[in-house]
Amino acid sequence: MMPDATDPTERQATHRALRWQVDHQLRITDYQGETQLFAKRDDALDSYLQAPQLLIYRNALAGESGLYEHTVAERQFIVCVEPATDGCSAVAIEITRYHQAQQVMASLKRHNELILEAAGEGIYGLNMKGEATFVNPAATDMTGWSAEETIGGTIHYKHHHSHADGTHYPHEECPIYAAIMDGEVHHVDDEVFWRKDGSSFPVEYTSTPIHEEGQLAGAVVVFKDISERKQAEQTLLKAFQEVEQLKERLQEQNLYLQEEISQDHNFGEIIGQSAPIQQLLQEVQQVATTDATVMILGESGTGKELIARAIHQRSARSEKPLVKINCGAISAGLVESELFGHEKGAFTGAVGQRKGRFELADGGTLFLDEVGELPLDTQVKLLRALQEQEFERVGSSTPIRVDVRIIAATNRDLLALVRQGAFRQDLYYRLNVFPLEMPPLRERVTDIPLLVQHFIQQAARKLGKPIEGISQEGMTALQQYPWPGNIRELQNVIERAAILNTGVVLSVTGLLPSLSIAVEESPLLSLEALERRHIKKVLAHAEGVIAGPKGAAHILGLHPNTLRSRMLKLGIRF
């Protein structure tokens with residue numbers, strides 16, 4: 001029987017070699033060691049050894065060495081048996097701790113492999129030749145190459161052979177292999193890996209060298225698919241560019257609006273209760289909600305711009321800007337640049353790129369004041385912009401598309417200009433989709449008291465004077481005056497009177513030109529325009545009534561149907 005070898009002193013002794021001799025009868029003839037592993041001297045080995053172990057001893061007796069492992073009380077030994085002169089000799093060394101260390105290492109190796117296999121990032125192990133020695137499931141899922149197809153092969157030629165644009169990627173330039181060559185960590189986030197199906201995906205990867213006993217032994221590559229991140233970056237970049245464009249556009253619009261604010265405009269509601277103005281406001285309400293082009297006709301000073309603003313404010317484009325250009329206030333050489341913009345160097349003085357009024361009004365409304373003053377060559381380009389909603393800046397051939405509603409205004413007889421060849425007929429019909437006729441102030445006599453009161457309050461606030469109203473005599477004089485300059489002239493007269501006034505009641509004595517001067521100052525009109533003006537004046541006097549003893553037809557000496565026919569021909573709405 002084997003003795004108990006669990007005593008601590010005996011465990012310490014077994015760290016040293018144990019020796020014994022065996023004769024030809026397989027009996028122990030000598031035993032050296034503090035721990036007795038086997039039976040006592042002269043005991044036969046075949047009484048406690050298995051047949052494979054006994055065979056090693058028999059072979060040693062025949063001249064052949066051998067090894068076997070032997071376990072005693074959960075302790076492991078390795079036994080070396082050598083031939084000897086009078087039999088054979090055996091040496092035993094304890095390997096219990098070595099076995100335990102092997103088990104721990106195997107467990108750690110498997111644990112690490114499980115961690116690598118569970119990792120969401122793709123992982124490759126490479127030897128010094130750049131051949132794959134390990135690949136985890138995440139890597140095979142991303143690339144489509146199986147572990148069997150990958151291990152032992154050079155991964156560069158499988159999924160890193162080309163740049164994103166398809167050009168060849170030499171392996172000498174690959175940062176993955178650079179880690180094997182220079183022993184440095186290489187991190188890259190702007191390249192792609194190629195899948196087995198030929199498609200590619202953006203990756204971020206790190207190639208880290210592996211050292212074994214102070215020598216480079218390979219590298220480990222950790223990578224991940226960053227398609228979503230790249231897409232988010234592109235979306236963010238696009239959004240940033242759009243914000244920059246909007247910021248630039250807002251700055252340009254603010255610059256334009258500051259220029260507009262610097263001018264003295266009345267942005268309040270339209271004032272008046274007369275039949276002509278009420279008819280006009282009704283038409284404004286009807287056309288405002290559409291995108292139809294509007295032509296505002298009327299004498300200077302009648303408030304054409306105010307009507308344009310009223311249309312814009314009541315439209316679906318009210319949140320976008322109303323951009324104005326006075327076609328008659330710009331020199332012929334610059335009007336095209338003002339409308340469509342220009343590129344840097346397009347002409348002398350064009351030191352930078354500038355957007356035109358069409359671009360500034362994109363999504364909103366463009367008000368072309370005094371459109372009858374446009375040069376013929378500019379009319380051609382304006383017509384194209386209206387037809388196609390597209391134009392080019394001066395000095396550029398790149399088309400720019402816009403969504404702009406057009407409101408035009410003029411104090412001239414455009415049909416007469418068409419007949420004279422000074423205005424294009426096709427442009428006239430393009431602009432004259434929905435004409436609005438501004439009544440002159442002399443046809444709105446009943447509105448003069450309201451306008452006077454408004455201008456008095458405005459001037460009193462501006463000048464800081466306690467003016468409460470105007471005398472009846474002064475009001476009568478104002479209503480009898482023909483106002484060739486219309487509302488603008490009335491506003492100027494009231495402001496001048498307020499400056500000179502010293503009391504609370506405004507006096508206009510001596511401020512109105514004589515009637516003869518006023519008549520001379522009236523613009524020369526065509527016969528058709530005079531007829532239109534006279535009929536509208538009579539209609540205003542008759543408060544819009546056509547038939548009957550107090551109707552406009554009776555006053556004009558016409559049959560009501562004849563008057564209606566003339567109104568239709570002249571474009572008079574009442």
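Lys-224 and Glu-204 form a salt bridge in which the closest N and O atoms are 4.0 Å apart; the term denotes a side-chain nitrogen of Lys or Arg within 4 Å of a carboxyl oxygen of Asp or Glu. Because Lys-224 lies in strand E10 (residues 215–225) and Glu-204 in strand E9 (residues 200–212), the pair ties together parts that are 20 residues apart in sequence. Helices (H or I, at least four residues) and strands (E, at least two) are DSSP runs, numbered from the N terminus. Lys-224 is partly exposed, with a relative accessible area of 35%, whereas Glu-204 counts as buried at 15%. Here buried means under 20% relative accessible area, exposed over 50%, and partly exposed in between (1.4 Å probe, protein chains only).

The model is predicted: local features require pLDDT of at least 70 and side-chain atom pairs count only at pLDDT 80 or more, while totals for chains, interfaces and linings use all residues. Residues are numbered from 1 along each chain as its sequence is written, and side-chain values use heavy atoms, with hydrogens and water left out.

Side chains of opposite charge can pair when their charged atoms come close. By the rule stated above, the count of salt bridges comes to 30. Glu-233 pairs in this way with Arg-229, with 3.8 Å between the closest N and O atoms. Both residues lie in helix H8 (residues 227–261), four residues apart, about one turn of the helix. Glu-233 is partly exposed at 40% relative accessible area, and Arg-229 is partly exposed at 31%. A network of salt bridges links Glu-204, Lys-224, Arg-229, Lys-230 and Glu-233. A further salt bridge joins Asp-426 to Arg-424, with the closest N and O atoms 2.8 Å apart. Asp-426 is partly exposed, with a relative accessible area of 32%, and Arg-424 is partly exposed at 30%.

Helix packing was examined for helix H16 (residues 448–463) and helix H17 (residues 472–480), whose axes come within 10 Å and cross at roughly 120°. Axes are lines fitted to C-alpha atoms, for helices over the stretch in contact, and angles run from 0 to 180 degrees between N-to-C directions. Ile-448, Pro-449 and Val-452 of H16 meet Met-475, Leu-478 and Gln-479 of H17, contact being defined as heavy atoms within 4.5 Å.

Gln-53 is located in helix H2 (residues 51–61) and is buried, with a relative accessible area of 14%. Apart from neighbours within four places in sequence, Gln-53 is in contact with Tyr-68, Glu-69 and His-70.

Leu-500 is placed in helix H18 (residues 486–500) and is exposed, at 57% relative accessible area.

Overall, the secondary structure comprises 22 helices and 21 strands. Of the 574 residues of the protein, 42% count as buried. Among contacts with a separation of 6 or more, 59% involve residues 24 or more positions apart. The protein exposes about 31,100 Å², of which carbon and sulfur atoms supply 52%; accessible areas come from the Shrake-Rupley method with a 1.4 Å probe, and for residues only the protein chains shown count as cover.
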